[in-house]
Amino acid sequence: MSEDIETGITTGGRSGAFKDILSKDHARRGKPPLHFADMTDEQRIERAGELGLPRFRVKQLANHYFGRLDTNAEAFTDFPASKRSEVAEAFFPTLIEPMLVQKADEGTTIKTLWRLFDGSRIESVLMRYPNRATLCISSQVGCGMGCPFCATGKLGLTRNMSAGEILEQVRVAAIAMRDGKVAGGPGRLSNVVFMGMGEPMGNYRAVLAAVRQISAMPPEGFGISARNITVSTVGVVPGIRKLAAEGIPVRLAVSLHAPNDALRDELVPMNRRFNITQLLDAAHDYYLASKRRVSIEYALMRGINDQPVHARQLANRLNHYGDDWVHVNPIPLNPIEGSKWTASKPEDEREFLDILHRAGITATLRDTRGSDIDGACGQLAAKNQG
Ligand code: SF4
């Protein structure tokens with residue numbers, strides 16, 4: 001098995017402008033330009049040397065990037081003027097450019113569609129709450145999983161994103177918060193969730209490099225605690241086990257969507273490779289290793305997986321491992337237009353939740369934050385736990 005562990009998940013149904021633009025995405029495959037965030041320290045020092053710059057300059061660049069969130073090397077006054085444009089070119093190529101920005105929830109939810117160097121499109125969503133600001137980011141262009149209820153799955157997987165492309169989403173959101181560009185005044189980006197486009201475990205190496213740099217303190221990283229980072233998976237078991245072995249206390253989120261293998265085989269093709277028992281065994285081991293409760297994401301689909309029998313099956317499967325090791329997030333599905341997969345009735349959602357609660361399972365029905373954004377994605381909007 002390769003370093004990038006199989007394929008995967010995340011953004012669910014979307015419609016409107018975002019969908020149109022995404023589906024016109026005929027991006028060429030290719031590697032993004034190497035960015036400061038993609039380089040090891042040795043590579044940074046070597047590249048600086050090629051420009052005739054001593055190694056202490058690398059520390060200055062890290063301070064600009066991670067400390068001040070600044071990539072405009074032309075304005076780095078602590079660098080010789082004659083070197084600044086070379087530094088910009090060598091370390092800070094433009095990796096993401098905004099194509100479309102949509103706001104909802106009185107400006108506290110901001111969804112951005114980004115264009116990558118090769119024309120690929122990805123998206124991120126910033127959601128501000130009274131006590132935190134969470135950014136949902138993409139780690140792959142498209143998704144290779146092909147879940148039948150999901151628009152993203154229909155796009156297929158175009159390519160993995162680089163660590164730099166992943167980190168740039170975080171840096172721009174951190175600037176927006178710092179500079180008061182999000183309703184509510186200046187603040188701090190506090191949480192990052194890998195629940196945008198892509199299966200994070202399918203791009204393991206870049207995701208891990210990004211996690212390390214998001215969580216390290218400046219000037220090595222952005223200083224967002226690993227405990228406030230969530231990595232999701234649709235069920236790539238080797239990825240879960242590998243992440244557990246890293247010893248980084250990030251939260252794991254498992255997109256389960258079904259409580260038995262017959263149904264999950266239909267809803268989530270990855271289940272045919274790693275079944276629910278294998279998945280929950282790995283998730284529970286992750287809980288034991290990390291001491292972090294695992295999030296279980298469950299998109300409620302009318303008449304498909306939202307009946308009392310499903311809630312009881314789910315509770316039984318989770319309680320099999322003992323108490324209080326998961327937090328279930330049932331999410332009303334954000335349906336694709338014209339699809340047979342649609343959102344549950346509110347009364348079914350409530351009953352589903354009640355059954356989980358009565359079985360002693362911690363569960364919170366997620367509102368679809370940003371649902372008045374054209375093209376809002378039920379899964380994206382729901383991944384806002386902090
Ligand atoms: S729901 Fe399935 S197809 Fe859609 S993004 Fe998630 S894993 Fe991919």
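By class, four nonpolar, four polar and two charged residues make up the lining of the second largest cavity. The structure described here is a predicted model. The residues that line this second largest cavity are Leu-318, Asn-319, Gly-322, Asp-323, Asp-324, Trp-325, Val-326, Gly-360, Ile-361 and Thr-362. Its volume is about 50 Å³. A search of the whole structure returned five cavities of 30 Å³ or more.

The "binding site" annotation in the unreviewed UniProt entry covers Gly-198, Glu-199, Ser-232, Ser-255, Leu-256, His-257 and Asn-334. Among these annotated positions, Gly-198 lies in the loop between β7 (191–194) and α7 (204–215). Glu-199 is also placed in the loop between β7 and α7. Gly-198 has a relative accessibility of 1% and therefore counts as buried. Glu-199, at 0% relative accessibility, is likewise classed as buried; the cut-off for this class is under 20% relative accessible area.

Helix α10 comprises 15 residues (residues 276–290). At 1.5 Å a residue, a helix of this length should span 21 Å, and the C-alpha atoms at the ends of α10 are 20 Å apart, so the two values agree. The buried residues in α10 are Ile-276, Leu-279, Leu-280, Ala-282, Ala-283, His-284, Tyr-286 and Ser-290. The elements covering these buried residues include the helices α8 (237–246), α9 (261–267) and α11 (308–319), and the strands β9 (251–255) and β10 (294–300) are also part of the cover.

How values were computed
Residues numbered from 1 in each chain as written. Predicted model: local features only at pLDDT ≥ 70, side-chain atom pairs only at ≥ 80, totals over all residues. Heavy atoms only, no water. 1 Å grid on protein atoms, 1.4 Å probe; cavity = no way out; pocket = protein on both sides within 12 Å on 5 of 7 lines; lining within 4 Å. Points joined across faces, edges and corners; volume = space filled by probe spheres on them. Nonpolar A, V, L, I, M, F, W, Y, C, P; charged D, E, K, R; others polar. UniProt positions renumbered as here; feature names shortened; annotations may be inferred. Helix = DSSP H or I, 4+ residues; strand = E, 2+ residues; numbered from the N terminus. Buried < 20%, exposed > 50% of the residue type's maximum accessible area, 1.4 Å probe, protein only. Expected span 1.5 Å × (residues − 1). Contact = heavy atoms within 4.5 Å.
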